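Please open the model in your viewer and follow the stops below in turn. Each stop says what to select and what is there.

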Amino acid sequence: MASFFFRGRTRTNASDLPRQAKEHVTKLEGPAGAAKAEELGKVLSQMKLILQGTHEAEVSPEQIVQLVQSVIEEDLLYLLAVNLHRLPFESRKDTQVIFSYIFRFRPPAASPKSEPAALKYIIEQRPQVLVELCKGYDHKESATPAGSVLREVIKSEAAAAIILYDDGDEPGSSAHGLMAIDRDRLQSGHGIFWRFFEWIDKGSFEVAADAFTTFRELLTKHKDLVPRFLHVNFELFFDKYNHILVQSNSYVTKRQSIKLLGEILLDRSNYNVMTEYVDRGEHLKICMNLLRDDRKMVQYEGFHVFKVFVANPNKSIPVQKILIMNRDKLLTFLSQFLEDRTDDEQFIDEREFLIKQIRSMPPQPVPSQR
Amino acid sequence: MTDVADHYQMLEELGRGSFGVVYKAIDKSTGETVAIKHIDLESSDDDIQEIQQEIAVLSTCGSTYVTQYKTSFLRGHKLWIVMEYLGGGSCLDLLKPGNFSEGHIAIVCRELLRGLEYLHAEGKIHRDIKAANILLSENGKVKLADFGVAAQLTNIKSQRHTFVGTPFWMAPEVIQQAGYDFKADIWSLGITAMELALGEPPHAAMHPMKVLFHIPKNPPPRLEGNYSKEFKDFIAKCLVKDPDFRPSAKDMLKHKFIRNAGKVEALQELIATKQMWDANRTRTKHPVYYQETLNSISQTDERDEWVFDTVRSVAPKPARGTVRSRKPSGIFSVEDAMRRLDVKDGPLQPSTPGTVRKATVRRQPSTAIAQSPTKSSQSGSVRRISTSTAPKRPLQADMSFGNTGSTMRLFRRVPSDSSTSGQLGADAGAADENRPPQSKSSSNTSSEQQQQQQQQQHHQHQQQPHSGKEAVLGRRLYAKAIEPALAELHAQTAGSDKRAALANLSDAFAHLDAADPEGAYHLLQSLLSSVAQDKKLSSAFLSSSSTTTLSKATPNDGGTPQGTVLIKSPPPPLPLAQAPNRSPSKLVLSNANPHLKSHRRRQGTTPDGSVLERGGGNGGSPEKEGGARERDAERGVESRYPGKEALPGLEHCQHLSEVFYQRWANGLLCRWGGVASG
C-alpha cells in the first residue's frame, strides 16, 4: 500500500495511470482476463488514493487535475462504465469512488457554482457514459456501484436531462449532448430512461431496489425538467407506470411505485400532470382496485392516490360516473377502510374528508367547471 | 421463475428482532449453514428504503471481520436476507455466564479494531458498536454485525450529523450532533470493552435518555478496579471526549493492550463456558421451526367488486385544454385540498422546500441480524435469543430527530413480536391500541406467559362444569398470578411515578379481588375468549395452543420436530416507553431467573407437566388431581416471573414517558439548537 502511495506522489504517474487502466480494461475479455483484472485493480486503487487521499494524507489538487485530464483524454470513464460488471469486487468499489470524485472535482480556482469539469465534459460531449452507467443495472454486480454514482450525478439537472432525453439516434436525443435535446418531441420509448421500468419490475431485489431509488430521484429532484418531460410524454410514461410498476408482481416495486405516484401527483410543480392524470377514468379504476388489494400497505398507498381523484374539485365526467356509480359501496368501504390505523390522525382526517366528498356528490355527473 | 426460497432448507428459529425473525437454514446447493432474516415488509410503513440502505452497506463489505452478506430476495411481502451463520452467539450472550477476562477482551478488541479499520477505510461508520452487535463464529472469529444504522460516506473526510446509535454507547460528539466521523466508533468500542469487563456499559442503571445528558457533560467513564494498567489505558484512550484527540482504529491497533492479545481460538473458551452454563440452567428448549405463513394473508371474503362496466367508453374529456376558466373559489379549494393532502406523502413537497433535511437514520439501534447464540448442542436445539434482543428494546426510541426539530418522530410503534411472524402488521398495531390493559399483557407473549395462559385456559376448561368456583379461581388468579407479578415488576421499577402508577394498579386489583373475585375471573376469561374468537388475535396470541392441540402431546422433549411451536417467542418488544428503567442487564438477569429454569426442568421431566405445557387449552388430556395441584404450585412460581401480568400497569408509563421524553428532547434542542442548526 505504502509503495503505491509514494509512487502516486510522483507527477508523471498521475497522468499515466488512466492510460494503463485503459490498456488493462480493454483486455478483460481476453484469455488473460483474470490477470488483467488484477493489474487493473491495482491501477484503480492507486487512482482512488490520489483522488481520495487517506485519513492521514491530504490530496494534491495538481495531481488530481492531471489525473482528471488524462481520464478524459483516454475516455476511461466510458470504458469503466461499460466494463463495471466485469471488474472484481474491490475494483468495482474503487471505480465507484473514482467516478464520484472525478464528477465532483473542481479545480481550486473554479467557482463552487460551476459544473465540475469532468461532468460538464460528459454532459456536453460524452453522454454515453451516463447511459452506460444506467446499463449497470443489467448486472447484479454493477447495479450498486453504478447506482451510487448515478444518484450523485443526477443531482445535476443537466445530467438528469441526459438520461431522461436519451433516445438513441433519434433527432433531439441527448446522445448528441445537452444542447441537442428537443424537449417537446415525443419519445420513442427506446431510450435508456424507459429501461428503468424493466429493471425495477424484473430485476432481482437488489437491482430493482437500487434502480427504483435512482428512478425516484430522477423524477422528483428537478422541478422544471421533470414536469415538462412528463407533460410531453404523458401517455407513454403513465402507460408504462400503471401497467408495469403499479401492477408489478414484486411487492416492493408495487408498493413503492404507488407511493411515488402519489408523490408525483401531489408535487405542486406537477400540477398540470396531476390534473391530466386524475381526469382519466381508467386511472381511477386502477386506483380503486388498489384499495381492494389484499395487502394493507398497498391499500394504504393506494389511498393516497385515490384521495387526489376525490379531492379534485373539477372531476371529469368519467371520474364522476365511476364515483357516483360506486357511491354506496365506497361509503361503506371507506367507513371501514384500514380501521386499525387509529394513531394515524392525518389518515383518519383524510378518510373523513373523502367520505364527505363522495357523499355530497350530485346524483348525476355534472360537467366540470373548467 | 423458480422460487429462490426453495434453495434453502429452513431450520429452527434463531431469534427475533424488531425487524423480523432470524432462522437457521441450509443452502441446498452448497450444504452451507446460513442465517436468514425474514423481514415482514407489511408491518412497517416506510422502512423499505432503510432496509435497502442496510443491504447496500453490507453487500459492499468484503472483510472477514464483518458478517458476510450473501443475498436477499423477496418472497411475497417478506424480504429474506441471507447471511453468514455464526454459531458462537453475540458477545452479549456470551457475557451471561460471567464477565470476560482481560485476555479475552483484548482479543475481541483487536478483532474489532481490525474490522473498524476496514470499515473506516471503506468510508463506512458502523455507529452501533456494542456487545450485542459483535458475533462470534464457532471457532472464535469475531465479526461485526447489524449495519442497521451504519453510514456510508461518499467522501472520507466528510462528517455526519445524524443522531443515531444506542445511548449508553454513543460518543459525546454524536449526542451533540456537532458533526462526527469515524472516531465515534472508537468511543463505542471503548464503552464496549468496559461492557465486556463489567457486564454492562457505564451508567447502565440510568435512564437511557438521561445518559444522553450525562455523557457530554461529564468526564469520560474510566475503568476502575483490579485491571491491568494497559487495559485501563486502552479504555482511557478510546474514551477521549474530543474526537480530534481520540486515536483512529489503526493507531489503537498499536496499543500495548492489543499487541499482547492472544489468538482468536482462545475465544472458544467463552463459547464453551456459555454452553456449559446453558446446560446447567435449562433443559433443552423446544426449537421453533420455520412455518410458511405467506398464505395467511389471502383475503377470502367475497366482497362485491367495484362497478366500472357502464363507463367502459371513456367519455371525451370535458373542456380540457380549452378555456380553463376556473372560479376563484375553485382555485382556492384545489389549493386547499392539495395542501391538506400533500403534507404527509410528499417529502419533496414544496411546502417544505429545502428546509428540512430529513434526518437520515432513525432505525431502532439494532437487533435482528443477531445470529444469536445458537451454539446448538447435539440435540439440535435452539436457545432463544430473547435475552439478547430484549435488552435492546428499552432503547427503542425513535431517535429520528436529526438536525432539526421538525423531523421529530419520537416513538415509533413497534409491532409486537408475535405480529411479525406473518400477521398483518396493521392488525397488531390496532391490537396495541384497542385492547384493554389485561389483554395487552397477553400481547407480550413470552413463552412463560403463554404457558400460563394456556394453563389458565386449561384450568377453566376443567373447572367450567363446577360452576360457582369462579370466585375461588378469581382469588387464585389474583394471589398466584397478578399480585406477585405486579409486586415483581414494582420491585424492578425505578422511577417513582412509575412505581406509583404500578402501585395504583396493584391497589385496584386488590380492590377488585376483595370486592369481586368472580369479576376478576370473568375478566380474564372474557379476554381470553374474545381473543380466541377473533381470528387474527387468536392466531397472534393463541396460535401455539391451537397448533399444539393438533400436534400430539408427546412427552419427550426438545427434539420433536415440526409443529411443536411451543415456547413461542422471546419476550415482548418493550419499547422504551414501557420499560424505561430497566437496563439491559437487568432484563437479562430476570429472564434467566433460576426459579423459572429449574421449574421448567421439573416440568419437562414429569409426563403430566409436559402434557400440560404443550396441550394447554386442550383439555382432552386426562390429568390427575395431583398433577393439577402441582400445576398450581408451578403456576405460582411462574407467575413470579417478571414482565408478565404486570404489563397492564405500564400503559400510563408509556404516556408519561413520552411526555418526559418530549420534554427532554425539547430541552436538548434548546440546549444545542445553535450547534445543531449551525
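Start in chain B: select B:Gly89 and then B:Leu136, its bridge partner in E8(B). This is a predicted model, in which local features need pLDDT of at least 70 and side-chain atom pairs count only at pLDDT 80 or more, while totals for chains, interfaces and linings use all residues. Residues are numbered from 1 along each chain as its sequence is written, chains are lettered from A and ligands numbered from 1 in the order in which they are written, and side-chain values use heavy atoms, with hydrogens and water left out.

Helices (H or I, at least four residues) and strands (E, at least two) are DSSP runs numbered from the N terminus. Two strands pair if DSSP finds at least two bridges between them. Now select E6(B) and strand E8 (residues 134-136) of chain B, which pair in the antiparallel sense over two bridges.

Go on to B:Lys250, in helix H8 (residues 249-253) of chain B. Which residues does B:Lys250 contact, leaving aside its neighbours within four places in sequence? They are A:Glu56 and B:Glu117, where contact means heavy atoms within 4.5 Å. The C-alpha atoms of B:Lys250 and B:Glu117 are 6.1 Å apart, although 133 residues separate the two along the chain. B:Lys250 has 41% relative accessibility and therefore counts as partly exposed; buried means under 20% relative accessible area, exposed over 50%, and partly exposed in between (1.4 Å probe, protein chains only).

Now select strand E5 (residues 78-84) of chain B. Seven of its seven residues are buried, so E5 is largely enclosed by the rest of the structure. Strand E3 (residues 33-40) of chain B runs antiparallel to E5(B), joined by seven bridges; B:Ile36 stands opposite B:Val82 in E5(B). Strand E4 (residues 69-75) of chain B is also antiparallel to E5(B), with six bridges, and B:Ser72 has B:Ile81 as its bridge partner in E5(B). The E4(B)-E5(B) hairpin has two residues between the strands, and B:Gly76 there takes a positive phi near 60°.
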